[in-house]
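Please examine the sequence and the structure shown below before reading on.

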Protein chains: 2
Amino acid sequence: MTAQPKPLTAADLGLMIGFPPSADKRVTHANQLLGPYNRWSFQHELQLNRTADVWRGSGPVAELAYDLRDLDQITYSNRAGTQFTFDDMVELSYTDGIVVLHGGKIIYERYLNGMQPHTLHAWASCSKSMTGTIAAMLAHEGLLDPEALVASYLPELAESGFGDATVRQVMDMTTAMRFREDATDPESENWQYSVAMGWRAKPEGYVGAETAYDVLPIMQKAGAHGERFAYITPNTDVLAWLIRRVLNQSLAAAMQERIWSKLGAERDAFWIVAEGTVETAGSGLITTLRDMARFGQMLLQQGQFNGQQIVPGAVVADMERGADPAAFARGPAASPINQGHSYHHQWWMTHNGHGAYYALGYGGQHLYIDPTAQLVIAKFSSYPTPTPAGNEFYSAFAAFPALAQALMS
Amino acid sequence: MTAQPKPLTAADLGLMIGFPPSADKRVTHANQLLGPYNRWSFQHELQLNRTADVWRGSGPVAELAYDLRDLDQITYSNRAGTQFTFDDMVELSYTDGIVVLHGGKIIYERYLNGMQPHTLHAWASCSKSMTGTIAAMLAHEGLLDPEALVASYLPELAESGFGDATVRQVMDMTTAMRFREDATDPESENWQYSVAMGWRAKPEGYVGAETAYDVLPIMQKAGAHGERFAYITPNTDVLAWLIRRVLNQSLAAAMQERIWSKLGAERDAFWIVAEGTVETAGSGLITTLRDMARFGQMLLQQGQFNGQQIVPGAVVADMERGADPAAFARGPAASPINQGHSYHHQWWMTHNGHGAYYALGYGGQHLYIDPTAQLVIAKFSSYPTPTPAGNEFYSAFAAFPALAQALMS
């Protein structure tokens, strides 16, 4: 349907071939987020980053049933009116792997770019939705009061801009924080934060914040909390710190105990850890594709999966209600493609007719859940740019809703 | 029997307690090998190091049967004549975990210092025996000729001291290499090697070797190969490079395909990788304790385990024959406690009446195999010093042979 060329794979590109690979084909900690190096790095995260393992437990795998279907007849159009099939989307959108569950069965599953079913892949910012779900569970249990101020749990943040934000504002990212995004300016908050989180190498003679526990307390407020949605990752780091404080457990241990050991996962999960063995709660999760789909299917089933109630039904119901679309519309993330959205418990809520919601991550990571169509889509990708050129391929905004519509008809 | 105090645990020491832990209780990449920090680090290797995962495969776990026995009646004496029980040894020798198999059944299993059955623990130099076993398999398959010169496979090493060594000399560590051990002298080979392997931070302005592929080619010869056993880890790195070259696979992939996916392991294994994602083949393996024991039991059973022939029987038989004790006696590792030993395929061979052999690692890691007594002992420890003070507790030299004797009577 389209003459657009298929993306080159890591093997096509010659990345990390041979022992040693040639100098210009080496993927390193420094270049791992950049295209085309992320064609290799997103499937080899442990080799490039320190991690905390999340044990799957010793129980059996929750096998997913298959009812494979041909989705090539499903078409959708981008805003320019060009028509694509679902298979087009998969092949052209730098897909590493995609699995589609409908009614709890796998109807479509493909692996590209050398990925295999057991390959561990980066979630990128989809990780936020895992951290948010765990925090929502703790709120339900009464361990975290959504209306309490952050400083009441974390006195270390009392003097920071986060101190007088509520837990709910952190969860829904309606804090008003000064966070200049210029990652090349050493004076900007993002630059310091990037160093502390291990994304940027420390320059020689560096004397700034060493860990998340050093950088979050010096972040300052800009405006009033609670008025608008502003997507900044340090909120997720505060949320993870809250989880650790009230449980006296690492985020990895909390996830292991409450979710991963119950899910019947095929493999362990992993969190990339920054300096000080602090999990990068907003970006660092790593799992297989089907295990990401299991997590989505569990939520679709109101938290009931693998023979047990993993997340309380009330937590999922609260999540599905979403937050305030007006606060979203007032914020800097609002755009024509996400009209009517809100952001709640670290999930993107469409508030569309199906009540669909999704996790979304750098480089094309997706976990899309449509409760009405009984649809879960997990997609790992390795786009060469942070924001794909051509949002028509940004699956949650066109191809996934089109598939949901087709499955309902 | 002894008034010696029990070692403090990581929790007793307050290591890494709290979010964040206090500054003096933090375990870091820089202090991870030092006591007492290794009481924590050896059980949290992934959080401190980048790793390559070795998938266990999707098959069932090869469950180990139990026939637990009280070993507290088993006593042995150190050279000073002081008597200890087996339980003394376990409690006093900084044990993290120990499992003893007799006739294929677990007769003893204990976890200390916060370790659990699913905890992933460092093998340290026991890793060499895994690398050596894989290399021996490739020799058996004709992919590696033990009599061929290293340079015939690795032209990159032609100008190095390794170039005219045979593969067998590398496997049995009878190469004669210049390798000054002074890890504090930047002029010493060990210092450069430590930087390239990621054990020592690069000083500012460092311009030396970046990876194993840079440092091995500049190592020089000192004497004639084949005359005496000299235990230097770069031999194992050459061996791993040979494995990668002939298989065109990483060491992790080779281990996954040939051993780990067949063993019915409980969990994945991991190799610590140095700069350039090169596995630290001489020290970097990480597994659970019972999975280490499974590897030992497989060798005890002549390579037959979990319903299949994993390592060819001829490879194990060759290994059990050992190498030349005279070459061992001529070398710098010879001491009163290892009289009559040889070193073969990266294993320590006792040539005792039982034909016992073992893997041995920094900080008290052991995998001891006694084919006559049908005994396998896997022991993880975290000694505060590289060589335990008081070899009476160095288990392979007293407690393990005493146990073997007792089980035979």
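Two strands pair if DSSP finds at least two bridges between them. Helices (H or I, at least four residues) and strands (E, at least two) are DSSP runs, and they are numbered from the N terminus. The structure is a predicted model, in which local features need pLDDT of at least 70, side-chain atom pairs count only at pLDDT 80 or more, and totals for chains, interfaces and linings use all residues. Residues are numbered from 1 along each chain as its sequence is written, while chains are lettered from A and ligands numbered from 1 in the order in which they are written.

A residue is called buried if 20 or more other C-beta atoms lie within 10 Å of its own, exposed if 12 or fewer, and partly exposed in between, with C-beta atoms placed from the backbone. Eight of the eight residues of E4(B) are buried, so this strand is largely enclosed by the rest of the structure. E4(B) is joined to strand E16 (residues 375-381) of chain B by seven bridges, and the two run antiparallel. In E16(B), B:Ser381 is the bridge partner of B:Thr95, and B:Phe380 is the bridge partner of B:Gly97. E4(B) also pairs with strand E5 (residues 105-111) of chain B, in the antiparallel sense over six bridges; here B:Val100 has B:Tyr108 as its bridge partner. E4(B) and E5(B) form a hairpin with two residues between them, and B:Gly103 in the turn has a positive phi of about 60 degrees.

Which strands pair with E7(B)? Strand E1 (residues 51-54) of chain B pairs with E7(B) in the antiparallel sense over four bridges, and B:Asp53 stands opposite B:Phe270. Strand E9 (residues 285-287) of chain B runs antiparallel to E7(B) and is joined to it by two bridges; B:Ile286 in E9(B) stands opposite B:Phe270. Strand E8 (residues 278-279) of chain B pairs with E7(B) in the antiparallel sense over two bridges, with B:Val278 as the bridge partner of B:Ala274. The hairpin of E7(B) and E8(B) has three residues between the strands, and B:Gly276 takes a positive phi near 80 degrees.

The helices come next. Two packed helices are described by the angle between their axes and the distance between the axes. Helix H5 (residues 127-140) and helix H11 (residues 251-260) of chain B pack at an angle of about 70 degrees, with their axes 11 Å apart. H5(B) and H11(B) are therefore roughly perpendicular to each other (angles under 35 degrees count as roughly parallel, over 145 as roughly antiparallel, 65 to 115 as roughly perpendicular and the rest as oblique). Their crossing is left-handed, a term for a near helix turned anticlockwise from the far one by less than a right angle, right-handed being clockwise. B:Met130, B:Thr131, B:Ile134 and B:Met137 in H5(B) meet B:Leu251, B:Ala254, B:Met255 and B:Arg258 in H11(B), where contact requires C-beta atoms, placed from the backbone, within 7 Å.

Finally, the contact between the chains takes 24 residues from chain A and 24 residues from chain B. On the side of chain A that touches chain B, helix H3 (45-48), E1 and H10 of chain A each give two or more residues.

Note on methods: Contact = placed C-beta atoms within 7 Å. Axes fitted to C-alpha atoms, helices over the stretch in contact; angles between N-to-C directions.
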